[in-house]
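Okay, thanks for having me, everyone. Let me put the model up and we'll walk through a few spots together.

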Amino acid sequence: MLNRALGGGTDPDPRFTLANERTFLAWIRTSLAMVAGGIAVEAFTSELFGPELRKTVAVLLLLLGLVTGGGSFFRWLNVERAMRRQEPLPAPLLAPILAIGGALVAAVLIVFVIGRQA
């Protein structure tokens, strides 16, 4: 079943497969950090943020965690397939999504900090 999911080809050098796996695990750690951040914002910032802002930031972080976690598997699979077929590696679609999502969360918080009464 695994060979069918990987799309055939020949086994790459194990070092490349293990490097791909480490990258996958790094994406999973990033996903878990985003989920933990979303939960922390919702659980511990009620005195700092209003309910709308708190919910917006928490949901954005949770969505980033969801997309990063789910996308990391497909990234791992596509890279593994490309290595087995000796094709160029696919472009990382997760990086721009994570960068844009992180910038969006930061922008929401910057607007809050600027507009907050001292």
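So, when I say helix, I mean a DSSP run of H or I with at least four residues, strands being E runs of at least two, all numbered from the N terminus. Quick housekeeping: this is a predicted model, where local features need pLDDT of at least 70, side-chain atom pairs count only at pLDDT 80 or more, and totals for chains, interfaces and linings use all residues. Residues are numbered from 1 along each chain as its sequence is written, and side-chain values use heavy atoms, with hydrogens and water left out.

Let's begin with Gly70, which lies in helix α3. At 33% relative accessibility, Gly70 counts as partly exposed; that label sits between buried, under 20% relative accessible area, and exposed, over 50%, using a 1.4 Å probe and protein chains only. C-alpha to C-alpha, Gly70 is 26 Å from Thr10, and the two are 60 residues apart in sequence.

Now over to α2, residues 14-44. Its 31 residues, at 1.5 Å each, should span 45 Å, and the end C-alpha atoms are 44 Å apart, so that agrees. The expected span here is 1.5 Å times one less than the number of residues. Which residues of α2 are buried? They are Asn20, Trp27, Ser31, Met34, Gly38 and Val41, and they pack against α3 and α4. Take Ser31: its relative accessible area is 8%, so it's buried. Ser31 touches Gly65, Thr68 and Gly69, leaving out residues up to four places away in sequence, and contact means heavy atoms within 4.5 Å.

A polar atom of the Thr45 side chain lies 2.3 Å from the backbone oxygen of Val41.

Last stop, the largest pocket. By pocket I mean, on a 1 Å grid over the protein atoms alone, an open set of points where a 1.4 Å probe fits, with protein on both sides within 12 Å along at least five of seven lines; lining residues have an atom within 4 Å of a point. Its lining includes Phe74, Arg75, Asn78, Leu94 and Ile97. The elements giving two or more residues to that lining are α3 and α4, and α3 gives the most, with 4.

Methods
Polar contact = N/O pair within 3.5 Å; in protein donor to acceptor, adjacent residues only side chain to side chain.
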